[in-house]
Structures are given as structure tokens and as C-alpha cells.
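Let's walk through this one together, a question at a time. Have a look first.

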Amino acid sequence: MPSLAELTSRAVAVDGDFLALGHEVFDADGARFVRDRSLPRIHDANYVSDVTVATPDAVERLLARVDREYPHTRHRQFLLDASTPPAVEAALILRGYEHSASLLLLLEGALQGAARAHDVRRIAGEADWAAYGRLKQRDWDERAARLGIRDASEVGADMFREHRAKVPPVQYWLAWLDGTPRGFLASWPGSEGVGQVEDLYVEPEVRHRGLATALLHRGVADCRTRGADPVAIVAAATDTPKHMYAAMGFRPVAVVHKYLLRLDDAS
């Protein structure tokens with residue numbers, strides 16, 4: 001059996017691979033570049049990860065390369081984890097990058113708790129995708145209001161395009177209630193035996209009725225049917241879903257650090 005440290009390393013890699021699906025990916029100057037010129041507003045479609053450089057000169061070369069590779073965006077973003085050399089994080093903080101963290105949780109056994117008999121269906125056609133697009137816009141509107149972001153209504157449409165581009169191999173699900181789609185989830189069998197469930201959302205009017213639990217049960221089952229054993233999920237460190245995931249059997253194993261520089265705000 002693989003050790004927890006090995007499973008954690010795989011889960012971190014799978015999370016990174018999920019984000020990169022559907023985008024251009026290349027390695028340069030000691031880092032992994034993920035880029036999508038068609039989605040310049042989407043931070044998670046244009047970012048740098050897996051940084052290995054450790055000396056000040058190498059970090060400066062990397063930062064210069066980042067500016068050359070992302071002229072189409074008004075942001076710079078780095079995803080760091082426990083393996084990133086400290087000099088990288090220090091350089092980003094010095095330059096005014098904003099920090100946020102996500103908690104990576106891993107499910108190794110069965111999900112705890114039974115799922116209610118809700119109607120959860122695979123997205124199968126354009127009508128389903130239109131329903132997902134409506135829900136994704138609501139998801140973004142909620143997040144933008146929470147973060148105090150204005151004049152960004154077009155970002156929801158871009159997020160819809162970004163997530164749809166991951167299919168296949170990602171599978172999307174809709175949870176229906178009274179004949180109407182009210183929530184969604186993505187599932188992916190990942191790689192090296194570790195899968196991932198991601199992009200969970202339920203409309204606020206119908207929360208606490210078991211739709212999220214039903215979606216998670218369906219997504220985990222899909223990952224395992226397609227070859228995964230442990231299944232990862234990510235939650236914002238400051239948000240409440242992490243408690244729900246832990247109660248269902250996911251255990252916290254790692255933290256992913258996001259460093260974001262908004263060029264419109266940079267001096």
C-alpha cells in the first residue's frame with residue numbers, strides 16, 4: 001500500500017492536472033506554465049506551478065519569463081505547495097502578490113453517511129449544458145459578491161467555457177429537484193490511481209436538502225468506476241464546505257497556496 005505521503009503527493013499532482021486540462025501546458029525556466037489565450041480573464045487558465053528554482057537569480061529569470069508568456073492577461077498567478085523553494089514565495093510577497101490558500105482533502109475509504117434519493121444525471125446534451133451555464137453564472141455571481149468584485153459578469157461565461165473544455169475526460173453531473181437542475185459537480189478518475197471531484201455548487205434556495213451529498217456520492221462512484229481508488233477534493237481554506245467534506249470522510253492532507261498579482265492594482 002502506498003504511504004500517506006505518497007498519496008498526498010499524487011493528490012497534489014492530480015489537482016494540478018485537473019486545473020491544466022483543456023489549456024496549453026509547457027515547462028520552462030524551472031516551472032510549469034499553463035496558458036489559455038482565449039480566456040485572459042480566467043486566473044486558473046493562466047498561471048505558473050511546480051516551481052523548482054531556488055536561487056535569487058533563477059527566480060528573477062522565471063519572473064521575467066512569466067511576463068513574456070502572459071502579455072494577454074491583467075494578472076500573474078502562481079500555485080505553490082510544500083515542495084516549492086522558500087525563495088519563490090519570498091519574492092512574490094515582496095512584489096505585492098496576494099495570498100490565499102486551499103485545503104486538499106483525500107477520501108481513501110467509503111463516503112460517510114447515506115445519500116438521499118435525489119435525481120442526479122450525467123450532462124449529456126446542449127440543454128443540459130445550458131442549464132449548467134445558468135448555474136455556473138449564479139455560482140460566479142455569489143463568489144464575486146463575496147469578494148467585492150464588480151463589473152465582471154462576463155467572467156461567468158468564460159468559466160463555463162473553461163470547464164466545458166475539460167470534457168472529456170472530466171464528467172459533469174446535474175442534480176435535479178422538482179424537474180429543474182439546481183446543482184452540479186465534476187468528476188475525473190485522475191492519474192496514478194487518484195481521482196478528483198471538483199466544482200461543486202448548489203443554488204442557495206435549495207441547500208441543506210441533500211443535493212450536494214447526492215452529487216458527491218455520484219462523483220466519487222464515477223471516479224472509482226473509472227479506475228480511481230482515493231479521491232481528492234479541494235476547498236477554500238476560509239470557506240465552510242471543508243467541514244462538510246471532513247464529515248463525509250475526506251481528511252485534510254495538504255495546503256495549496258495561491259499568489260495573485262492584479263496588474264491593474266500594481267504600482
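Q: Which residues of helix 5 are buried?
A: This is a predicted model, where local features need pLDDT of at least 70, side-chain atom pairs count only at pLDDT 80 or more, and totals for chains, interfaces and linings use all residues. Numbering starts from 1 along each chain as its sequence is written, and side-chain values use heavy atoms, with hydrogens and water left out. Helices here are DSSP runs (H or I, at least four residues; strands are E, at least two), numbered from the N terminus. With buried meaning under 20% relative accessible area (1.4 Å probe, protein chains only), the buried ones in helix 5 are V155, G156, D158, M159, F160, E162 and H163.

Q: What covers the buried residues of helix 5?
A: Here contact means heavy atoms within 4.5 Å. The cover includes helix 1 (4-20), helix 4, strand 7 (171-177) and strand 9 (194-202).

Q: How many helices and strands does the protein have?
A: Zooming out, the C-alpha trace spans about 60 × 50 × 30 Å along its principal axes. Of the 267 residues, 48% count as buried. The secondary structure comes to seven helices and eleven strands.

Key: Buried < 20%, exposed > 50% of the residue type's maximum accessible area, 1.4 Å probe, protein only.
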